[in-house]
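Hi,

Here is the structure I promised to pass on.

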Amino acid sequence: MTAADTTSFQLNLVVYDDDGPNGGPGTLLAAKTVLAYPKLVSQLPIDPVFESFDVTDMNLGAVGSGSVYVSLEWDATTRSDVFIAMDEVPPEPIEGGYQRAGDGPWVSIPTVHPRYRTLYIRATMPPAVPSAPSLRTTFAPAHINAGQVSALTIILNNFSQPSAAVLSHDLVDVLPPGLVIASAPNASTNCANGVLTAVAGAGSARLAAGASIPGSGNCSIRMDVTSAANGLYTNTIPVGALQTQHGGNPDAATAELLVGPAFPTPYCASTFVRGVSPVTRVVFADIDNASSVDSTRAHEDFTARIGHVVTGQIRRIAVEGHTGTGPNLVVSYVDWNQDTVFDERSERVVVGNLVGSNGTDGVQVAMDMHIPLDAMPGATRMRVIKQSNVDTYACYNEWFGQAEDYTLMVARPDAIFCSAFDAGDDGQCAQGGGG
């Protein structure tokens, strides 16, 4: 994989059956999101760099025998800088490659790229020794409003064991605080001998010992959950929570449920057409937030990080980030009047041009920020944006960059009360005097 200025990004790894027209890709069998690290290039040809992905949790064992197509997919309208490298060296074409745009028809790659020869895909089998059962958990839908329900599913996998795995202890899922089983739990399991306890209003569910996961297969439990409070709820079933005669789950199972308006609602989302170039640290007031240089999200939600400011103050903001080869303009927006719109004239501060930083070397730009005397008190959205090469705006940006949102708690200074007759010419209360 190659890219001009992107060190990592997310894409979808998708497996299709070969039951499409003329033996091409057809039925979607499995899919998962993976993180890729393309090779940065400035010219061709290049030596290949191979990516590897663990597909154990895609349950491909259920496919049985036969041929499948493996596809790497992403939105090229937002990530136009990333390419799959194709080999053009062998003298004769090797058929079998397909490509498509969006949901359009699959087209043979040599039809589009006549010099195409092959892409290299190698499947490596897991160790011969069967592994312990594993867990996977999901929410559907993964975004609801407060009071609505989402189906929580926990999948118990036992694909590498030929014999059934019997639970030796209860499997307990403790929900994150604030998330509970819905008033109509709709709880069920298809695990043999499974006894599932999921009580309305409870913060946990339990599959009793004695339940059985079929050999070379899986089973699942399901229940509806809800929350009355907005927030991002992360459900984690820890390592070893599933215990059987074949061992315990070696990895934690995690899923996220967003309750309430999707971030960054009610504000606009920041987009970067060419790709992500991360902000890695923001320092302002009480906020000192370091974030990943490998982030692939164009717009990060750090609204739980709160900085306290007082109207009339001057506070210094400092920002660090990955710049690539050119300068990056850093800008901060604060919605001082809390109208959910970042004003490009009155609520924008240019922090500076960040140059020659890998995002972890401590190089930063800084600027004093004046807290307006007429700023509305209370929770206030702050957005920090970094973009390469060109000017930067709150919502839409053409080049590489990233935005991060934070919360400021704005307060006004303590009022000083005195009579008009006691007030001095400088606006301060005079000493002494009568009432």
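The second largest pocket comes to about 620 Å³. A pocket here is an open set of points on a 1 Å grid over the protein atoms alone, where a 1.4 Å probe fits, with protein on both sides within 12 Å along at least five of seven lines. Grid points are joined across faces, edges and corners, and the volume is the space filled by probe spheres set on the points. Before you go further: this is a predicted model, so local features need pLDDT of at least 70 and side-chain atom pairs count only at pLDDT 80 or more, while totals for chains, interfaces and linings use all residues. Residues are numbered from 1 along each chain as its sequence is written, and side-chain values use heavy atoms, with hydrogens and water left out.

Back to that pocket. It is lined by 19 residues (lining means having an atom within 4 Å of a point), and Leu232, Leu258, Ala262, Phe263 and Asp301 lie nearest its centre. Two or more lining residues come from each of strand S20 (231-237), S23 and strand S28 (299-310); strands are DSSP runs of E, at least two residues, numbered from the N terminus. Which strand gives the most to the lining? That is S28, with 5 residues. By class, the lining of this pocket splits into 8 nonpolar, 6 polar and 5 charged residues.

Next, the disulfides (pairs of cysteine sulfur atoms within 2.5 Å). Searching the whole structure gives 2 of them. In one, Cys191 and Cys219 have their sulfur atoms 2.1 Å apart, and the link is right-handed, with 90° about the S-S bond. This pair links distant parts of the chain, 28 residues apart: Cys191 is in the loop between strand S15 (188-189) and strand S16 (196-197), and Cys219 is in strand S19 (residues 217-226). Cys191 is buried at 6% relative accessible area, and Cys219 is buried at 2%. Buried means under 20% relative accessible area, exposed over 50% and partly exposed in between, using a 1.4 Å probe and protein chains only.

The other disulfide joins Cys268 to Cys395, S to S 2.0 Å. Its torsion about the S-S bond is about -80°, so this one is left-handed. Cys268 sits in the loop between S23 and S24, and Cys395 in the loop between strand S33 (378-388) and strand S34 (396-397), so the bond ties together parts that are 127 residues apart in sequence. Cys268 is partly exposed at 27%, and Cys395 is partly exposed at 31%.

Most residues other than glycine have a negative phi, and most peptide bonds are trans. Where are the cis bonds I would check? One joins Ala140 and Pro141, with omega about -5°, and Pro141 is in the loop between strand S9 (134-140) and strand S10 (143-144). Another runs from Thr265 to Pro266, with omega near 10°; Pro266 is in the loop between strand S23 (253-259) and strand S24 (271-272).Two residues other than glycine have a positive phi: Ala285, near 50°, and Thr340, near 65°. Ala285 lies in the loop between strand S26 (279-284) and strand S27 (287-290) and is partly exposed at 24%. Thr340 is in the loop between strand S30 (328-334) and strand S31 (348-354), and is partly exposed with a relative accessible area of 31%.

Last, the packing. A nonpolar core is a set of buried Ala, Val, Leu, Ile, Met, Phe, Trp, Tyr and Cys residues joined through side-chain atoms within 4.5 Å. The largest one has 31 residues, and Leu135, Leu156, Leu167, Leu171, Leu207, Met223 and Val225 touch the most other members. Two or more of its residues come from each of S9, strand S11 (149-158), strand S17 (204-207), S19, S20 and S23. Apart from this core lies another, of 22 residues, including Ile287, Trp336, Met382 and Val384.

Leaving out residues up to four places away in sequence, the contacts of Val225 (heavy atoms within 4.5 Å) include Phe139, Leu152, Leu175, Ile181 and Leu257.

Cheers

Note on methods. Helices (H or I, at least four residues) and strands (E, at least two) are DSSP runs, numbered from the N terminus. Ala, Val, Leu, Ile, Met, Phe, Trp, Tyr, Cys and Pro count as nonpolar, Asp, Glu, Lys and Arg as charged, and the others, Gly among them, as polar.
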